[in-house]
Amino acid sequence: MQRTLYWVNKDLRINDNLALTLASQSEQLICVAIIDSAWFQVNQQQALAMGELRLRFLLEGLQALSSNLQKLGQHLHIIYGDSVTSLNAICEQYAITDLIITKRPGSYERDITAKLQQLQPTTNLHLVEQFTLFTEQALPFALADLPASYSKFRKVVSALASNIEQTTVFALPPQFDQELADCHHCWGETVIEQQITKQINKDHKRSGYHFTGGEQAGFEQLQQYFSCSAPARYKEVRNKLDGWDNSSKLSAWLNYGFISVRQVMGSINEFEQLHGESASTRSLYHELLWREYFQWLHYKIQDKLYQFKGLANTSPLTSFYPERFKKWCNANTPFPLVNACINELRKTGYLSNRGRQIVASCLVNELSIDWRYGAAWFEQHLIDYDAAINWGNWQYIAGVGVDPRGGRHFNLVKQTQQHDPNGEYQDIWLENAEQHTTLDSVSADDWPVQ
Ligand SMILES: Cc1cc2nc3c(=O)[nH]c(=O)nc-3n(C[C@H](O)[C@H](O)[C@H](O)COP(=O)(O)OP(=O)(O)OC[C@H]3O[C@@H](n4cnc5c(N)ncnc54)[C@H](O)[C@@H]3O)c2cc1C
């Protein structure tokens, strides 16, 4: 008998989910999501892999998926613990024959998959390709020959027809009769509710955008954005610091797989069929291709994505300055626009693309701090965090990534004049009256030399 374990991970949806479609063909099935205890341990860059706002977004989405799976006769087991230990224990307990996982480029997933394969050598591993628009086989080059710049990549893949055919599952196989043992630390409905409420209470004064986790919420945003005229003016407004409709706001749902990249592509195509193709709709498509490029780059360069010297293999002239870093994290730098952006990100888990570029450039160029500290801090705070996109963009700005021009330095005075000339954005987000005017409380000349 085929006994399948489906590890639900960044594919948290019923519709257009090729992994779930595959799972639906097995004889018996268990669906499991893991809240990994490692996410809550402080890492080398003094940050957590999972912040409060993203945890809440994820739990809301897991709750929604759980109730949708119940309608199909299944159950979502949400387990808190070490991923490998928990998944391995389930494989043992249920004599799992098949393990289904959506394939993703991160080292976290790769390491877990490799360890599980070692521990369960007879289990058939199915890695389903659906996190990217194209499959590896469809790419017109071998991964090792991925173009060195985004523009070359875009030129090559733009000619490819993206497969936007979508699937839906109407029924799922039965669960295993045995209960999942307590030792797996299952989080039931009550624990999830408590966790979500805890985050809401902490957060009661929150203003700005609100993102609710789940397939339905993601689908509603997809429909809302493409049913108004916003995609037709995307190119002119995407660099604005504020405004819900100035970009699609789909990233968080996309990165957790509440919606698929094929669904977004399908919506762009439909919009173009109805209203015509324009520079704006193409520009939105090109941003999706940036997402695509960073995923394939991550597959190719693997752990180099997280290294100081990056892809370029050169050391930036930066270091770690604890006082400066603290001021940046606490929105207390001498640069009001940077402080406003940091405040928005801390409070909402979201920041516009231009805001992200501004604060990243400030950390690297004005504060001379090792870019990895900023990337790790983003990892903790962004609701839409994605390893490939986040670390790829940070490398790009730090000048050690795929930017053929060798890094980006955003002039903060010019950026303020251009994007917030009347200070309206700063008025919303600058709540701290006490702004530091200097970077360092002790001048380098004053350090005692023994
Ligand atoms: C330093 C830095 C860190 C970033 N970290 C992340 C991250 O962790 N997760 C993330 O999804 N995006 C990240 N981005 C990219 C970008 O800022 C966000 O994707 C975008 O702001 C999300 O808003 P949106 O969905 O409204 O995007 P839209 O402008 O509507 O774009 C549509 C989609 O295209 C993709 N996209 C847009 N801009 C980029 C880009 N610069 N690089 C790659 N893909 C892009 C996203 O999937 C996005 O949802 C980062 C950018 C910078 C400069």
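How do the residues of the lining of the second largest pocket divide into nonpolar, polar and charged? They divide into 17 nonpolar, 7 polar and 8 charged, where Ala, Val, Leu, Ile, Met, Phe, Trp, Tyr, Cys and Pro count as nonpolar, Asp, Glu, Lys and Arg as charged, and the others, Gly among them, as polar.

## Basis of the model

The model is predicted, and local features need pLDDT of at least 70 while side-chain atom pairs count only at pLDDT 80 or more, although totals for chains, interfaces and linings use all residues. Residues are numbered from 1 along each chain as its sequence is written, and side-chain values use heavy atoms, with hydrogens and water left out.

## The second largest pocket

The second largest pocket holds about 950 Å³ of space, a volume being the space filled by probe spheres set on grid points that are joined across faces, edges and corners. On a 1 Å grid over the protein atoms alone, points where a 1.4 Å probe fits form a pocket when the set is open and has protein on both sides within 12 Å along at least five of seven lines, and lining residues have an atom within 4 Å of a point.

The lining comprises 32 residues, and those nearest the centre of the pocket are Trp-39, Ala-49, Tyr-108, Glu-379 and Tyr-385. At least two lining residues come from each of strand S2 (28-36), helix H2 (52-71), helix H4 (107-119), helix H15 (371-381) and helix H16 (387-398), these elements being DSSP runs numbered from the N terminus (helices H or I, at least four residues; strands E, at least two). The most is given by H4, with 4 residues.

## Helices H10 and H11

The axes of helix H10 (residues 261-275) and helix H11 (residues 279-301) come within 10 Å and cross at roughly 165 degrees, axes being lines fitted to C-alpha atoms, for helices over the stretch in contact, with angles from 0 to 180 degrees between N-to-C directions. H10 is therefore roughly antiparallel to H11, given that angles under 35 degrees count as roughly parallel, over 145 as roughly antiparallel, 65 to 115 as roughly perpendicular and the rest as oblique.

In the contact (heavy atoms within 4.5 Å), Val-261, Val-264, Met-265, Ile-268, Phe-271 and Glu-272 of H10 meet Thr-281, Arg-282, Leu-284, Tyr-285, Leu-288 and Arg-291 of H11. By class, this contact of H10 with H11 has 8 nonpolar, 1 polar and 3 charged residues.

H14 and H16 pack with their axes 9 Å apart, at an angle of about 55 degrees, which makes H14 oblique to H16. Gln-357, Ala-360, Ser-361, Leu-363 and Val-364 in H14 meet Trp-394, Ile-397 and Ala-398 in H16, and the residues of this contact divide into 6 nonpolar, 2 polar and no charged.

The axes of helix H13 (residues 336-348) and H15 come within 9 Å and cross at roughly 40 degrees, and the two helices are therefore oblique to each other. Ile-342, Leu-345 and Arg-346 of H13 make the contact with Trp-377, Phe-378 and His-381 of H15.

## Positive phi in two loops

Most residues other than glycine have a negative phi. Asn-313, although not a glycine, has a positive phi of about 60 degrees, and lies in the loop between H11 and helix H12 (322-329). Ser-368, also not a glycine, has a positive phi of about 55 degrees, and its place is in the loop between helix H14 (353-366) and H15.
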